[in-house]
Amino acid sequence: MTFRVDENDVMWIPKEVVREQIANILSAWGMRSEHVKTTSTVMVDADSCGIDTHGISMIPPYEDRRKRNVITVDADIKVMKETATTALIDAGGGLGYVPSILATEMCINKAKEHGMAAVTVKESAHFGATGYYTRMMADAGLIGIATTNGSGPRTAPTHGKDGKLSTNPIAFAAPTKKNNPFSLDMATTTVAAGKIRNKWNEGQKLPLGWASDADGNPSDDPEVYISRGGTQTPLGGTPEGGSHKGYGLAAMVEILSASFCGASLDSSPNHGNNKPGSMEIGHFFLAIDPTQFLEEGDFENNVDELIDYLHATKPVNPDQPVMVAGEPENKIRMERENTGIPIPPGLRGQIKEIARQSNAAFVFE
Amino acid sequence: MGQDVMYYSADIIEKQTAAFLSSFGMPDDYVEITATIMTDADKRGIDTHGIACIPNYYTRSKNNWVTLDGKITTVRDNPLTALLDAGGGLGYPVAHKAMNIAIEKARKLGLASVAVRNSAHFGAAGYYTRMAASEGLVGFAFTGTSAPRVVPALAAEGRLGTNPIAFTAPTRRNRPFNLDMATSTVASGKIRNKAVEGQPLPKGWAVDENGQPMIDATEYFNGANMTSLGGTREMGNHKGYGLGAMVEILSACLTGSSLVMSPDHGKRTPGSMEIGHFFIAIAPTFFRERGAFEDTTDQLIDELRATEPVTPDQPVMVAGEPENLIEEERAKTGIPILPGLREKLNNLAAETGTNFYLS
């Protein structure tokens, strides 16, 4: 098969082929086939809607973690504790996708029956884009909330020098009828680490408030974050800009993700490297059935009305209309249905090399 | 009256608050709960949510925007959830009841949520989540508000309220982790303070009617708006905006309340501002053995507080700690009341025939 390569040497590849490439590599690593199917489906969904940091570009870090034996590719997943409305899942040190899909499905089934449910996952690892799971809940007519802690504590608390929390994302989705579901999926840091890296790649300065140097002072030099022990800021950026709120949200995510299931804390020494075969990361999922409170369909109408009001807000710039959470990703998803998924040359090379080393078929040529 | 800051015991503040509420026509059982919760805010330094609200509540009551003796009714009662109607009253008694129902249900079945409609201002959201934590549960609280003065990302006009989120988690060794935050960058009170002192506003706190950053604080009162947390697009204000919309969905869409940006919000129905609240309680013992959740949370708090500070005189704290420190201090000093507020309250006491205890 040949794929279009643009003037920047970016190759545009159909979603199904990207999924196949991810699946080939995961299978070659020894992941069982039903887990490969689920994992590659969730990963390629991130690529489909422009969350390029959480799709196939995660294969190289996963390769590194597999080699360091901090993840177990062919993990056994067990439900450790279960009631009508709650559950605790042990992911066995594997990637977080399969146990998180299980947790989400359990939340959906329990909430449909009883009105609410919460499921936590321990002994897990990276689970991709948090919003995938909450959108599943919204597609089932439920309100969904999901959180996870992380593996790289590079976010400094307000007034602190050292990184103690990860990007600790929170996702929230609500079902609608007319519009696409409301789907918020946000790191509790000011920006993703990838955005700092992009500025560094291009030799550009950072806006003050994105990162701090190793002494905790705001810095516009991306190098301090990349190689000199600097930190990311919590949402708000500076104490004056309200960074204690982003810090508070990040700590809330840590409590939901770790305290409920007994995962390792981001703030702990050697977090993610304390146990062979497991990064000991935790996730939290919550579902609420709106028909507990309102007649069937009324909640969706109310959310549609809210979205319509927000869309109708006077914009600062007429060319940039006011959007709601999830809308930018929906736009990219529609575009990429036609164009395919852009895979830049550096990533293509990395994937090719990993495929070769793992004896997996390489299908991007 | 003098121009000095006066300090009063919490008991006196609570007595004064209760006296006002009674003379405005609130029934005794509501007065007791409301005055307790309002005074708790004063004790903890949340001065915008305590006795300072009294003049506002009087205006709302006089104009028939709230029904101080509103009857609280249970519209729906399910094993894990309930929907309450506040009858147009101030939100304190109904929020207190809602969180107690959530706690009781979550104890039995692991988690619960209670929605409230037809309500009004309920004070500091964190009070209700601390109720859950003191019973060993994790609590969430969300509320809608009365005025759309927070602008969405990329927007030139206000569409959301300050839409707060509160979250509290129980602990054993430390005080509970207690987050209570508006989803705007700063409270409007902070902008007012800059205006009073003639100081410029940090870029990202407020925007003018064209959505441009506002620097001159005095302009704020000519119809400008607050920003969503993050402040500017570059600093991630789409995240604060997303959180503000999430709070609106839980507090208004899910409870069947009025949306804050809808025309005539808060004034459409005589006797009710039609504001909604939403509460969640979760029992950690449904996931781990008793005490394990608290131990992990204590460990997190210890590790965060042990972070090396940027400047030694400003140690790293966790959510709720600044309020805890003020609470300890005010237990000794009493609660400070500024001369402007004291005079306002004195005049209001005279106007309404209320006993005045702050002379």
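This is a predicted model: local features need pLDDT of at least 70, side-chain atom pairs count only at pLDDT 80 or more; totals for chains, interfaces and linings use all residues.
At 40% relative accessibility, Asn69(A) counts as partly exposed (buried is under 20% relative accessible area, exposed is over 50%, and partly exposed lies in between, with a 1.4 Å probe and protein chains only). Residues are numbered from 1 along each chain as its sequence is written, with chains lettered from A and ligands numbered from 1 in the order in which they are written.

### Backbones with a positive phi

Let us stay with Asn69(A) for a moment. Its place is in the loop between α3 and β3 of chain A (helices are DSSP runs of H or I with at least four residues, strands are runs of E with at least two, and both are numbered from the N terminus). Although Asn69(A) is not a glycine, its phi is positive, about 55 degrees. Most residues other than glycine have a negative phi.

Asn64(B) is not a glycine, yet its phi is positive at about 60 degrees. You will find Asn64(B) in the loop between α3 (54-62) and β2 (73-77) of chain B. With 38% relative accessibility, Asn64(B) counts as partly exposed.

### Helices packing in chain A

Now look at helix α5 itself, which spans residues 131-139 of chain A. Its buried residues are Gly131(A), Tyr132(A), Tyr133(A), Thr134(A), Met137(A) and Ala138(A). What do the buried residues of α5(A) pack against? Their partners in chain A are the helices α2 (33-48) and α4 (97-114), together with the strands β6 (143-148), β7 (170-174), β8 (182-186) and β12 (281-288). Contact here means heavy atoms within 4.5 Å.

Two of those partners also pack against each other: the axes of α2(A) and α4(A) are 9 Å apart, at an angle of about 85 degrees. On the α2(A) side the contact is made by His35(A), Thr38(A), Thr39(A), Val42(A) and Met43(A), and on the α4(A) side by Tyr97(A), Val98(A) and Ile101(A). The two helices, α2(A) and α4(A), are therefore roughly perpendicular to each other. Axes are lines fitted to C-alpha atoms, for helices over the stretch in contact, and angles run from 0 to 180 degrees between N-to-C directions. Angles under 35 degrees count as roughly parallel, over 145 as roughly antiparallel, 65 to 115 as roughly perpendicular, and the rest as oblique.

### Salt bridges

Side chains of opposite charge can pair when their charged atoms come close. A salt bridge is a side-chain nitrogen of Lys or Arg within 4 Å of a carboxyl oxygen of Asp or Glu. Over all chains, the structure holds 28 salt bridges.

One of them joins Arg32(A) and Asp74(A), with the closest N and O atoms 2.8 Å apart. Arg32(A) lies in the loop between α1 (15-28) and α2 of chain A and Asp74(A) in the loop between α3 (59-67) and β3 (78-82), so this pair ties together parts that are 42 residues apart in sequence.

Another links Asp45(A) to Arg333(A), again with 2.8 Å between the closest N and O atoms. Asp45(A) belongs to helix α2 and Arg333(A) to helix α10 (residues 327-339) of chain A, so the parts tied together are 288 residues apart in sequence.

Glu365(A) and Lys352(A) also meet in a salt bridge, 3.4 Å from N to O. Glu365(A) sits in the segment after α11 (345-358) and Lys352(A) in helix α11 of chain A, so the pair ties together parts that are 13 residues apart in sequence. Salt bridges that share partners join Arg32(A), Asp74(A) and Asp76(A) into one network.

| Residue | Relative accessible area | Class |
|---|---|---|
| Arg32(A) | 26% | partly exposed |
| Asp74(A) | 36% | partly exposed |
| Asp45(A) | 9% | buried |
| Glu365(A) | 54% | exposed |
| Lys352(A) | 42% | partly exposed |

### Two loop residues in chain A

Is Ser264(A) buried or exposed? Ser264(A) counts as buried, at 11% relative accessibility. This serine lies in the loop between α8 (243-259) and β12 of chain A.

Pro318(A) is in the loop between α9 (298-311) and α10 of chain A, and at 70% relative accessibility Pro318(A) counts as exposed.

Key: Side-chain values use heavy atoms; hydrogens and water are left out.
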